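Subject: Structure handover

Hello,

Here is the structure you will be working with. Please have it open while you read the notes below it.

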Amino acid sequence: MAFVQNVPFFSIILSMFSGIVSSVLPEKQAKWLNTAVITLVGAMSAWLLSYLLEVGGSFTFMMGHFPAPWGNEIRAGALEALMALIFSIIMLLSLLGGRKKLKDEVEITKHNIYYILTDLLLSSLLALIYTNDLFTAYVFVEINTISACGLIMIRQNGRTIEAAVRYMIMSLLGSGLLLMGICMLYDLTGHLLMSNIKESVQQIMAEGSYRVPMLITIGLITVGLSIKSALFPFHAWLPDAYGYSTVSSAAMLSSLVSKGYIFLLIKIFYRVIGIDIIRNSNILNVLFVFGLCAMIFGSVSAIWENDIRRMISFSSVAQIGYIYMGFGLGTEAGMVASVFHILMHAATKSMLFISAIGLTDVSNGSRHFAELTGSGYRNKIAGIGFTVGSLSMVGIPCFAGFVSKILFAQAAVANNAPVKIFPTVIVLAVSTILNAVYFLKTVIRIYVPEDPAFEKQQGYLFFHISRQKLYGLTIICFIALNLVLGMMSQPIVHIIGIGLQNFS
């Protein structure tokens, strides 16, 4: 076995161990350890990705070299390595972009707790990406939930505590349904390893025995993970959770946490149940309808918002709808488009949250649109970052969002079910127009010049990158990542396609 095949295991363990060590470290040491571990995990993920692209295929890593049910398995392919790499980059940039603001948002005595939670969050996301065992997946789903809840409520004001409670209630509901589905699946098949479950599921469906319990099981798992990923109409917790948490937490929660649950659902569809069985059920049709509804409802809600961070949060509801709409198309092209959209949304939405905080900081701390007038001049790099993120979400060429919309449109037109072609194309067009309405009107507002005398009277200073080098560098890296996804999309789409084929 090549040593590089140990990367998934060491990535998960290093992240968990970092959290344990950070609990006895002062704030500065915990911060640097957190940064070093995320950077190391990203570098190892890039190494693993290059190895898998060279040798092809995938491999399984048997934990402790014990077979099931005593042992546990990790599975890694090119798609998993790509997801781990992108997730690590986005988490690192989100933390760096919000680092200075963290001093104002969280008491200094709780900073090491904050870094412990981010370490555990990274560990849980990596485990969801790599695990080949359903029970292990559930354990890390709960670790992910606890970490995310802690990242929301660590500010400890009324709004964040209320948001954390709402998040916890909805998340526990989703976790309960997921656990019920896993228990029923274990009862039906007698296995917890994904590959073993798939063989038993195919036998059950071929024989015609226990078909109804199997469909109920699939429904429980799908609904559970849909709730946890904030699919409409289970999204009520999302605007407050993203809108009132720290800026780094909002960037990570919006771009990574929900995407980890969605990626786990993809693995279950392919590696546990079998994508052919999923396509023959009505599950995808239900996801298709709710995905279309989310695309419209999230965008309309964003238009009516007067708070820039809540507007970005409601936009996430619409973008999650895109992903589930792609699932609902029931084709390989639709699934590829959804996975690419996961990467696009993760890279873009975190940039929008980080950029937005720069705009509000030079607007007397206000998040209301009326106060943001001219903020793009007062903080140039934040204005550029928000503009690039907005153009990407609208679907302007050269940016990652353009590729997502093209992939969805192509998947819709090539769909064999005419009943899905027209609703997809129409809602895709309407949603794009709505995206343009609320994002571009914000871009216009931040570049409407204020009266210079007024700015001087208010004590506003024009932002220079030399004053906040780390923040400016973070925005530049986010822009570069978005351009890479937009202008070098073909290799990424190829990796996604190969990865999904290896899942089957």
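The largest cavity is lined by A148, Y167, W237, Y242, L253, V257 and S258. On a 1 Å grid over the protein atoms alone, a cavity is a set of points where a 1.4 Å probe fits but cannot get out, and lining residues have an atom within 4 Å of a point. This is a predicted model: local features need pLDDT of at least 70, side-chain atom pairs count only at pLDDT 80 or more, and totals for chains, interfaces and linings use all residues. Residues are numbered from 1 along each chain as its sequence is written, and side-chain values use heavy atoms, without hydrogens or water.

The largest cavity holds about 30 Å³ of space. Helix 11 (residues 247–273) supplies the largest share of its lining, three residues. Helices here are DSSP runs (H or I, at least four residues), numbered from the N terminus.

Next, helix 14 (residues 308–328). All 21 of its 21 residues are buried, meaning under 20% relative accessible area. At the N-terminal end, D307 caps helix 14, with a side-chain oxygen 2.9 Å from the backbone nitrogen of R309. Just after helix 14, G330 has a positive phi of about 70°.

A pocket is an open set of points with protein on both sides within 12 Å along at least five of seven lines. The second largest pocket has a volume of about 200 Å³, and the largest pocket about 390 Å³.

Regards

Note on methods
Grid points are joined across faces, edges and corners, and a volume is the space filled by probe spheres set on the points. Helices (H or I, at least four residues) and strands (E, at least two) are DSSP runs, numbered from the N terminus. Buried means under 20% relative accessible area, exposed over 50%, partly exposed in between (1.4 Å probe, protein chains only). A polar contact is a pair of N or O atoms within 3.5 Å; within protein, one must be able to donate a hydrogen and the other to accept it, and residues adjacent in sequence count only if both atoms are side-chain atoms.
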